[in-house]
Amino acid sequence: MTASAAVPTYGADIYTDEAILEPYEHYRALRDLGPAVWLEQHGAYAVARYAAARAVLLDSDTFRSANGIALNEPANQVILGCTLASDGELHAHLRKVVAHRLMPRSLRPLREVVARRAEELVAELVARGSFDAVTDLAHALPMSVVPDFIGWPQEGREHLLEWASANFDSFGPMNARAERAMPKCGEMAAYGAELVRTGNVLPGSLGAGVLEARDRGDITTEQAMMLMLDYLAPSLDTTISAIGSAIWLFARYPEQWDRLRAEPSLVPNAVNEVVRYESPIRAFGRLAETDTEIGGAPIPAGSRVLVIYAAANRDERKFARPDEFDVARPDAVHQLGFGVGEHGCAGQALARMETESLLTALARTVTRFHLDGPPQRALNNLIRAFGSVPVTVETET
Amino acid sequence: MRILTSRERCEGHGLCAALAPEVFDLDDEAVVVNRFDDREVPAEHAEAARRGVQACPVAALRIAD
C-alpha cells in the first residue's frame with residue numbers, strides 16, 4: 001500500500017537501535033509534518049499529535065484493534081482474540097471477565113500489601129546505599145505483586161520477564177528484534193495454555209477467575225488461554241519501565257525530587273508526569289475499518305494507523321514546555337501513556353499503585369539519587385526502558 | 001454545559017473526582033457520581049468539569065453537545 005495523496009511521508013525507519021535510543025527528534029518531525037504522516041518504512045500512518053491521537057483512540061468503531069495492534073501480520077495473528085486485539089461486544093465481554101479484578105474498588109485490599117512491600121524493599125535498598133534502580137528496585141515490586149495476583153504458579157516465573165519483553169518486541173515491525181522474539185512468544189502462549197489445561201493457578205487469583213468463567217460457559221477454553229496471558233504480559237515491563245525512568249529522572253532533576261518531598265500529595269501527579277515524559281509503551285496500531293480522515297488527512301479503509309503515545313505526550317500543541325520534567329505540571333493527568341477509551345489500560349490502577357507506593361516510600365527517606373555511571377537502555381520495539389540504572393542514595397541522617 | 005456520565009463504562013479510577021471534586025464524586029461502589037447529573041454545570045465549575053472529563057482514562061464522561 002502507498003500513501004494517499006495530500007498526506008506527507010516520512011522516510012526514516014523509527015525502529016532502528018538509534019531511533020529507539022533517541023526517538024524524540026523523529027517524533028517532533030512527525031508532529032510537525034501533520035496530524036497523519038505516511039511511514040514509508042513501516043506501511044502505516046503515524047499519528048503523533050496529541051489531539052489526533054486522542055481522537056483515533058476514542059473512535060474505536062472506525063479504528064479497530066483486531067488485526068491492527070502490531071506492525072506485522074504474524075504478531076497480529078498470534079494475539080487475535082485477546083482483549084488487546086478484539087473489538088466491540090467481544091472486547092467488552094472479554095474485558096469484563098477479568099478487568100473487574102483490576103478496578104480500583106477491587107484493588108483496595110491490595111493497597112496495604114503493596115505499600116508494605118514497597119516500604120520493606122526501600123528500607124533494604126536504602127540500607128545498602130547503592131543499588132540498581134532497575135534490577136533491584138523496578139523489577140522487584142511488580143515481580144512480588146503481579147504473578148501472585150494473576151495466579152501464576154512458582155514454576156515458570158523465572159521466564160516471565162523475558163517472555164513479557166518478547167511479547168512487546170513482537171508488536172513492532174518484523175525486524176531482527178521481532179524475529180528473535182517470536183519463539184519466546186510461542187513458549188509463553190504454550191505455558192498459558194498449559195495452565196488452562198491443568199488448572200494450576202493460585203486460588204482466588206485473576207487466573208482462577210478466568211477458569212471459573214470458562215467453567216460457567218462465559219468464555220471458551222481457547223479464550224481462557226488468551227486471557228491467561230492478557231494481563232500478565234503487559235503488566236510487568238510497563239510498570240518496570242515507569243519505575244526505572246522515575247528514578248533516572250529524579251537523579252537528573254534533583255529539584256523535582258525536592259519538590260516532591262516537600263509536597264508528597266504530588267506523587268500521583270508525578271507518576272502521570274513520568275508516564276508522559278517517558279511513555280513506557282511508545283505506540284500501538286489500529287486498522288481503519290472504513291475510508292476516514294485524521295485531522296483532515298484522508299485515510300483509506302484497510303490502512304494501518306500507528307498511534308504514537310510517546311510523541312503525543314510531548315506535543316507542544318498540547319503541553320507547555322513539553323521536554324521539561326515537571327512533577328507539578330497541571331495537565332499531566334491528560335497524558336495518553338495508558339491509552340484512553342474502550343482499550344484504555346485495564347491495569348493502570350495497579351500500575352499507579354505500585355509506582356506511587358515506591359515513590360512515597362523513597363520520598364520519606366531518600367534526599368538525593370546519584371547516578372553511579374551511565375544508565376543502560378534496554379532496546380525493545382515497544383517499551384521505552386532502561387536495563388540498568390546504578391544509583392547511590394543519600395538519606396537525611 | 002451538561003455532562004453525560006456512563007456508569008456502565010466507569011471503572012472507578014477516580015481521576016475526575018480528584019481533579020474536580022466540586023463536580024464529580026465516587027459512590028460506595030467506586031462508580032462516578034455527577035453532582036450535576038440532571039442540570040447544567042454552574043459556570044464557576046465549568047473549567048474544573050472540563051478537566052475532569054478529559055482526564056477520564058476510559059472515556060466514561062463527555063460534554064453534551
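This is a predicted model: local features need pLDDT of at least 70, side-chain atom pairs count only at pLDDT 80 or more; totals for chains, interfaces and linings use all residues.

Q: Why do the side chains go to two faces?
A: Side chains in a regular strand alternate between the two faces of the sheet.

Q: Which way does β3 of chain A run relative to β9(A), and how many bridges join them?
A: Strand β3 (residues 44–47) of chain A runs parallel to β9(A), and three bridges join the two.

Q: And β6 of chain A, parallel or antiparallel to β9(A)?
A: Strand β6 (residues 284–288) of chain A is antiparallel to β9(A), with four bridges between them.

Q: What stands opposite A:L306?
A: A:A46 stands opposite A:L306, and A:G285 also stands opposite A:L306.

Q: Changing topic: how many helices and strands does chain A have?
A: Chain A has 17 helices and 13 strands. Its C-alpha trace spans about 65 × 50 × 35 Å along the principal axes.

Q: What does the radius of gyration say about chain A?
A: Chain A has a radius of gyration of 21 Å, which agrees with a compact globule, because such a globule of 397 residues would have a value near 21 Å. Buried residues account for 54% of the 397 residues in chain A. Of the contacts in chain A between residues at least 6 apart in sequence, 74% join residues at least 24 apart.

Q: What about helix α13 of chain A, how many of its residues are buried?
A: In α13(A), 14 of the 16 residues are buried, and the helix is mostly covered. Helix α13 (residues 237–252) of chain A reaches 22 Å from its first C-alpha to its last, close to the 22 Å expected at 1.5 Å a residue.

Q: Where is A:A51?
A: A:A51 is in helix α3 (residues 50–58) of chain A.

Q: Why is A:A51 classed as partly exposed?
A: A:A51 is partly exposed because 14 other C-beta atoms lie within 10 Å, whereas a buried residue needs 20 or more and an exposed one has 12 or fewer.

Q: What does A:A51 touch, leaving out residues up to four places away in sequence?
A: A:A51 touches A:R317 and A:K318.

Q: Finally, how many residues does each chain bring to the contact?
A: Chain B contributes 13 residues and chain A contributes 12 residues. On the side of chain B that touches chain A, α1 (15–19) and α2 (46–55) of chain B each supply at least two residues. That side has seven nonpolar, four polar and two charged residues.

Definitions and conventions: Residues are numbered from 1 along each chain as its sequence is written. Chains are lettered from A and ligands numbered from 1 in the order in which they are written. Two residues are in contact if their C-beta atoms, placed from the backbone, lie within 7 Å. Ala, Val, Leu, Ile, Met, Phe, Trp, Tyr, Cys and Pro count as nonpolar, Asp, Glu, Lys and Arg as charged, and the others, Gly among them, as polar. Two strands pair if DSSP finds at least two bridges between them. The radius of gyration is taken over C-alpha atoms; the globule rule is 2.2 Å times the number of residues to the power 0.38. The expected span of a helix is 1.5 Å times one less than its number of residues.
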